[in-house]
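Q: I would like to learn how to read the features of a chain from its atoms, one feature at a time. Could you begin with a general idea and then turn to the case at hand?

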Amino acid sequence: MDIHFKAMLGTVSLLFSGALLYLSITHYGVSAVTAVMLLITIMQIGWISRLFQQTLRYPEQLFRALANGDHTLGLPLAHPLRKSYEQARAHMQAAQIDAERQVQFINAVFNHMDLPMLICNEHEQVIEQSSAASKQLGIKINHLQSLNAGSTEAYKFISEATTNQHGTFTWQRKEQPDTLYIQVSTLRVQYQEYKVVTLQPITEQLNAKEQQAYKQLTKVLTHEVANSITPLASMAQTCLTLLPEGQTFDELDDKQDLSLALTTLASRSAHLSEFIQEFRHLSNLPAPKLQPTNLNDLLNSIKQLFTAQHPGVQFEVACAAHTMCTLDVKQIEQVLINLGKNAIEAMTTTANSTPKIQLTSLVNEQGQLCVDICDNGPGVSEQASKMMFVPFFSTKQQGSGIGLSLSRQIMVQHGGELIYLNRPKGACFRCVFG
């Protein structure tokens with residue numbers, strides 16, 4: 001029976017008893033003793049009713065307090081349910097403390113974990129995520145659909161995963177691309193499905209493997225080609241010295257042709273040997289000698305160098321506030337000079353009246369110090385942008401194909417990267433320092 005209804009019934013009973021007492025005295029002439037007895041009886045009935053109501057209301061208050069996490073209320077010492085209630089309250093307190101401890105432990109693990117991780121429910125709502133997730137992705141993830149901003153394929157892969165799966169995807173973080181190794185694990189807890197998603201960046205590892213493969217390839221090629229070219233150049237030079245001045249030929253042109261052929265063979269062999277020696281730099285690049293350097297001072301010195309050599313090209317330097325960096329000055333100078341020369345050569349092939357190169361120091365979204373080298377030339381074609389960092393590849397007739405590859409290797413050895421940024425006009429390369 002509802003407590004409020006019982007309270008109303010007790011009130012009605014008191015009113016009815018009072019009415020009977022009044023009728024008994026006024027109409028039936030009941031004696032004073034009898035009236036007092038009736039009054040005492042009515043008061044006892046009222047007191048018992050109120051006590052009954054309080055008894056019913058008190059357990060309700062206790063359970064409501066327990067449901068709200070309030071463990072301060074308790075039963076009187078003489079109450080028969082006091083012991084059972086105290087045991088139930090102790091179990092609930094222990095369970096609540098254990099749950100809070102687990103939540104704090106999970107939050108601590110998520111906050112100290114460098115690996116980006118997301119936990120989402122069956123409605124693709126992200127219920128937990130590590131602090132590294134938003135830092136790596138560059139966006140706050142509240143729903144899996146937010147992943148569409150960086151990679152539609154990655155979102156589709158995670159959304160459609162029904163078992164433990166993994167894959168590699170390109171993640172476009174504003175201008176700077178990245179490669180993510182995504183692993184999805186599914187689990188069921190209390191009839192609800194969850195997905196645990198890890199998004200591990202592997203661009204640095206891929207670059208290191210790629211550079212190592214190029215080094216091995218370059219070693220093999222330079223060794224084999226050098227072993228063939230060196231004796232050829234020596235033999236051609238020797239034949240030229242052995243060719244007597246007074247040797248008779250059927251025709252004088254035959255002697256001239258032979259002399260020209262041997263001279264050309266010796267010259268081209270010598271040039272090819274020099275070309276091979278340049279490629280040795282890719283496999284024999286020394287470790288950088290790191291020292292604290294003000295990057296803005298380095299950019300200004302590069303500007304002065306190019307301004308003196310190329311007065312027809314406009315150079316601009318835009319510097320960030322704090323640009324102290326640990327680097328090898330000579331190697332980074334070589335990178336910036338290579339990129340600057342490429343930009344100047346690209347702009348001289350166009351009819352641009354005011355060639356312009358801008359050197360900019362900045363800090364990217366991941367807190368890394370960067371230098372952008374941008375020009376207003378024709379830019380780089382899509383096909384060339386995919387092959388530009390491959391050794392031996394060049395779009396120039398006299399190009400060796402090692403400038404960009406060597407520059408990228410220098411940046412990788414500095415713990416960073418050299419990337420090409422797609423811009424509406426001109427070419428732009430970004431040197432990222434680790």
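A: A polar contact is a pair of N or O atoms within 3.5 Å, where within protein one must be able to donate a hydrogen and the other to accept it. With that cut-off in mind, and remembering that this is a predicted model, one can look at the start of helix α9, where a side-chain oxygen of Asp 328 reaches to within 3.2 Å of the backbone nitrogen of Lys 330.

Q: How many residues does helix α9 have, and what does it reach from its first C-alpha to its last?

A: Helix α9 covers residues 329-348, which is 20 residues, and its span from first to last C-alpha is 28 Å, close to the 28 Å expected at 1.5 Å a residue.

Q: Which residues of α9 are buried?

A: An α-helix has 3.6 residues a turn, so residues three or four places apart point the same way. In α9 the buried residues are Gln 331, Ile 332, Val 335, Leu 336, Asn 338, Leu 339, Gly 340, Ala 343, Ile 344 and Met 347.

Q: Which residues touch the most other members of the largest nonpolar core?

A: In soluble globular proteins, nonpolar side chains tend to be buried together. Here the largest nonpolar core has 34 residues, and those touching the most other members are Ile 357, Phe 429, Cys 431 and Phe 433. At least two residues of this core come from each of α8 (295-309), β8 (324-327), α9, β9 (356-363), β10 (369-375), α11 (403-413), β11 (417-421) and β12 (428-432). The largest share, seven residues, is supplied by α9. Apart from this core lies another, of 20 residues, including Phe 157, Trp 171, Val 184 and Val 197.

Q: With which residues is Phe 429 in contact, leaving aside its neighbours within four places in sequence?

A: With that exclusion, Phe 429 is in contact with Leu 339, Val 371, Asp 372, Ile 373, Met 388, Phe 389, Leu 404, Leu 418, Ile 419 and Tyr 420. One of these, Leu 339, is also among the buried residues of α9.

Q: Which cysteines form a disulfide, and how far apart are their sulfur atoms?

A: A disulfide is read from a pair of cysteine sulfur atoms within 2.5 Å, and by this rule the count is one. The pair is Cys 374 and Cys 428, whose sulfur atoms are 2.2 Å apart. Cys 374 belongs to strand β10 and Cys 428 to strand β12, so that the bond links distant parts of the chain, 54 residues apart. Both partners are buried, Cys 374 with a relative accessible area of 17% and Cys 428 with one of 0%.

Q: Is Tyr 181 buried, partly exposed or exposed, and which residues does Tyr 181 touch?

A: Buried means under 20% relative accessible area and exposed over 50%, with partly exposed in between; Tyr 181, at 26%, is therefore partly exposed. Tyr 181 has its place in strand β4 (residues 176-189). Not counting residues up to four places away in sequence, Tyr 181 touches His 166, Gly 167, Thr 168, Thr 198, Leu 199, Gln 200 and Ile 202. With His 166 there is also a polar contact of 3.4 Å between the side chains.

Q: Where does Glu 124 lie, and what is its phi?

A: Glu 124 lies in the loop between β1 (117-121) and β2 (126-129). Although Glu 124 is not a glycine, its phi is positive, at about 65°, and the residue is buried, with a relative accessible area of 15%.

Methods: Residues numbered from 1 in each chain as written. Predicted model: local features only at pLDDT ≥ 70, side-chain atom pairs only at ≥ 80, totals over all residues. Heavy atoms only, no water. Helix = DSSP H or I, 4+ residues; strand = E, 2+ residues; numbered from the N terminus. Expected span 1.5 Å × (residues − 1). Buried < 20%, exposed > 50% of the residue type's maximum accessible area, 1.4 Å probe, protein only. Core = buried A, V, L, I, M, F, W, Y, C linked by side-chain atoms within 4.5 Å. Contact = heavy atoms within 4.5 Å.
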